[in-house]
Each structure stands twice: as C-alpha cells, then as structure tokens.
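Visitor: Could you walk me through this model? I'd like to start with the strands and then turn to the interface.

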Amino acid sequence: MAISFEAKRIAESFYTEWALPTRTQRTAKRMKSTLDEMRHFYDSMIPYLKEIVDHLSSIDLDDFTEEEKLLGDLCFMLCEVDNPVNKWKSPILNDALDPRELHVKQDFYDREIVLNMGWESFSGGRYSDPELTE
Amino acid sequence: MNNIYDELSTEAYVSDEQFDLEREAIFKRYWLLAGRAEHIPNPGDFFVFELKIANASIIVVRGKDDQIRAFHNVCLHRGAKVRFHRKGCDKVLRCLFHGWVYGLDGQLLDVPDQQTFKGLDISSIRLASVSVDVWGGFIFVNLNPEPEWTLDKQMEPLPDALNRYLGDKSWKLGIGYKRVFHTNWKTLVEVQVEGYHANSLHRQTVTAAFGPDDAKPTLFPDSIGVPGMITLLRPDVDMRMVKQTPISELVVKYGKTAMYSPKDQSGAAADYPGALNKAGLGRWVFDDYNIFPNTVFLIQEDQILIQRAWPLTKNRTLWEFDYLFANEPKNFGELFEREQGLIQGRDTITEDMTTVEGIQSAYESGVLKKIRLGSLEAVVGAFRNLIDRAIGEYEAK
C-alpha cells in the first residue's frame, strides 16, 4: 500500500519546516509559529492524514525508510498543532504552564533535582520568553 | 453526599509544625510507592529511592535468592552513600569511599585492611533495613522497621482484581515529567482528586461540560490508605459533549489511550472483572484513586498515570507524573494514537499545574484563612481528614 501521488506531493512541501524528529523540537516549532502558519499546515494535511497513517501502519516500525520517518514526524506534528489550531486559535495555551517547564524524566526512577527544574523560579512557569508574550 | 469536611483551615499548608507532624506521622509510617518489581528483574538489580523529607536514601535491591530487600543507603563505616547512581546492577554493594563490601542481603562481607580497625566484628554489621513489600507489582517501602500495618491493609479497598491487573501485566514508562513546584505537597494531590475544576480549568483542552455525575467521588471512610476515588466519565449527552477535533476522532480507529476520544470502554479490562470501570460504562474514562499519602493513580485500560508529590520543604515539592503502558505499540497507527493522547495529556496537565503556586502564595499571605469544599470535592476533604487522623493517632502514641 502506498500513499497517493497527491498526498505525497502535499507532504513533501512540509518536510523541511514541520517534519521534526523529537517532541521537544515539535513543541518549540509550534510555539514559535503563527496561527496562520499552523492552520495552513494542518488544513493542507488533514485530508490525507488517514491515508498516511494507514500506509505507515502497514510497514514494520523497524523498517521505515527515511521518507516514511518524515511522514511519521509530520503526523506527530499534526498532533502537536491539533489543539492550537482547533481549540486555542493560538500557538500557545494562555492561562497554563509553559510546557517546557515540565522536565522530561530519564526513566521512572529519575527524581534528580537539576538546574532550571523549578527550585529557583517563582513565576509559576508562566511565559517569560519575550518572543512569546508579545 | 455529606462531606467529612466542608471548610478547612489554610494553616496546614503554611505551618512548620504541621510539616514536622506530617513527616513523623505520615511519611515515616506509611508505605510509599518507590518503584516496580519487574524493573529490577535479576539478582543484583537495584534502584535508589530518595525521600528528602526524612533525609532518607534507600537502596531497593533484588537478592541472589530473588527476594527484594530495601536498605538505608548508608555505609556503616562513616555514612557515605553506598550507591550514588539511581539504578544499576551489581553483584555486591561496594561502598566507593573505602571499598567496604556488602552483600545483596545487606550483610557486611569485607573491609579492606580490616586489621587496622579495633574490635571490628564484620559478621555483626549489616546495612540498616527498610521495610519493603509489593502490591500490584509496585514496590512500596516503609521507613518503620516494624510497620504498624501491612501494605495490603493500606491498599484496602482497592479490588483484588486491580491488584492482579496491575501485577500480572508488564508496565513500561511512555513518558515521565518532573518539576519542583513552590507549593505545599498537599495542593498537588488535591488538584488531582476532584473533577469539579474540569469545566473551567480545562475549557481549552478537554473542552467539555461535565455534569455533576460525570466525576463522582466515592469515599472509603474506613480505609487507612485510600480515602477516596473519582470515577470519570466522558460527557456524551445533549450540550455536554466533549468537543472533538478531526484528529481526536480519527485516532479512535487505531487505539484507546487518548482519554477523551469518542470510544466505547464498556469492555475495559474484561479479563479482570471488577478491576476497572465497575459500572461497565461505555463512556468511562478512568478510575482516579488517592493512594495515601502523596500518590494519585489515574487508571485506564492498559495505561496508568501515576502522580507523586514529594515534600522537600513546607512550600517546595518535587512533583513527578509518569505514564505507564501495558502494551508496546505494534504499528504506526497505535504510536500515532498514543502520541495524540500524550500531547492532550500534557496540555491538560499544564492547566492543572498553573494553579498550585498561586494558591500557596495566597495561603502564605494570610489573606485566606479557610477554604471551602463542595460535595464534588469530597475526596479532598477525605484526604485531609485522613491526614488529621494519622497525626491524631501518632500524637496519641
């Protein structure tokens, strides 16, 4: 099962900007995008999403080609912008903690207190990045 | 429903005396969730559990006899930590400072240049024991060398079917978050044990109108370790639908982990009748238990969210939030559905977590002397009641 020519064409146009391999990168990208940029990406891809997911589901997860990995990352990026586009109408969720304040643990047993994990700051983690709050 | 408490003093969040009592009466007497037995499967596997409120560092290790034991991570020589790294595998426990060697059963085996010590009887020296037991496959430790009650007693009235459901399956970490919040540990538990806030606080993420029966509290007044639970249901009637998105509707075709996607959960954990979703409802989302003192389980089918709040000081708490899954995604569709669930969950958590530091400031300012609880917040009242009971029992001893 392959994806349609149209789906491939549309997806390819977004690889460079939006097919990011880690959740941290995808969150950062979402937070720095405009609503219009996210909407353009989301609305363009949504008609082909099921087809792409079904195609990728037919392949062993260990056997993805480079292009299939990019397609997968686009799908994950769509998850990241799903709420911003449909519910918040904004790249960031106002009245909520900046998600970057949640440190990702290295494993179930990682409880080590490291720098910038909240001991110092008293802002409640509200957005202090001027680029975001303007 | 009658509340145990409908008004509470805010003194308990700001008082040094209260913090000290909670340390002695609760954190040093209760079984605390430290890890999972299957994560230390082989003899020599260990992890280190730090309990800062008690200045305790505890090694939990599987012995040569396959038994799990726990010890204070304190060399009997001059008090160095026997293990620095939080997880590993060793044939013996060798203290890095001077090379004293302990067996996996805690027995001192060897002291370099032993002859330089006067009257050192190696055979009489052991690492100090910490009580350890397992429920649902989770390892709990108790700083009391002779715990006043068993772990099983503390976990009543959780169903035995749930004990087996959690214990039989293999649960792997999907993602875990941690942060130090400027708040008392209790505020972090309290925000997770009531659904009254869902309509307002989660208006931009869950985006639903929950009715009063959609987040029903159940109290267990006779329990010493589970004061109450919330059974969360997805609103699905008239104006009380969950607002879906094209993706939240799509993912239902691939999996069931995303909390509020429109799926039928009536068959959840069908192999373990009574473990989850007792009422067998299609729109069941999760069972949310306060595992006293500081832990909240949000249990779904094949997914469990575990929140733990570890007091550092009366207004600094180490918070952790772990997603454990019972299945590995078998294909991309399942991976995609899981990603949707994790992103939605993360977004919702950022709303929960935005409240706690402002609340603590308010308590510390003295502006608010009392908080009010409604019946939908009954588990908060029950949680606080159990704290008071534990302190009362401790002081009476």
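**Strands and interface**

Guide: Strand 1 of chain A runs antiparallel to strand 12 (residues 172-181) of chain B, and two bridges join them; strands here are DSSP runs (E, at least two residues), helices are DSSP runs too (H or I, at least four residues), and both are numbered from the N terminus, while two strands pair if DSSP finds at least two bridges between them. This is a predicted model, in which local features need pLDDT of at least 70 and side-chain atom pairs count only at pLDDT 80 or more, whereas totals for chains, interfaces and linings use all residues. Residues are numbered from 1 along each chain as its sequence is written, chains are lettered from A and ligands numbered from 1 in the order in which they are written, and side-chain values use heavy atoms, with hydrogens and water left out.

Visitor: Which residue is the bridge partner of A:His103?

Guide: That is B:Lys178, in strand 12 of chain B.

Visitor: And how much do chain A and chain B bury between them?

Guide: They bury about 5,400 Å², 60% of it on carbon and sulfur atoms; buried area is the accessible area (1.4 Å probe) that two parts lose on being put together, summed over both. In chain A, the residues that lose the most area to chain B are A:Phe108, A:Tyr109 and A:Arg111, together 17% of what that side buries. The contact (heavy atoms within 4.5 Å) takes 54 residues from chain A and 65 residues from chain B.

Visitor: How many salt bridges are there between the chains?

Guide: The count between chain A and chain B is twelve, a salt bridge being a side-chain nitrogen of Lys or Arg within 4 Å of a carboxyl oxygen of Asp or Glu. A:Arg23 forms a salt bridge with B:Glu339, where the closest N and O atoms are 2.8 Å apart.

Visitor: Switching to chain B, is strand 3 buried or exposed?

Guide: Strand 3 (residues 45-51) of chain B has six of its seven residues buried, so it is largely enclosed by the rest of the structure; buried means under 20% relative accessible area, exposed over 50%, and partly exposed in between (1.4 Å probe, protein chains only).

Visitor: What does strand 3 of chain B pair with?

Guide: Six bridges join strand 3 to strand 4 (residues 56-62) of chain B, running antiparallel, and B:Glu50 stands opposite B:Ser57 in strand 4. These two strands form a hairpin with four residues between them, and B:Asn55 in the turn has a positive phi of about 50°. Strand 3 of chain B is also joined by three bridges to strand 6 (residues 87-89) of chain B, again antiparallel, with B:Gly88 as the bridge partner of B:Phe46.
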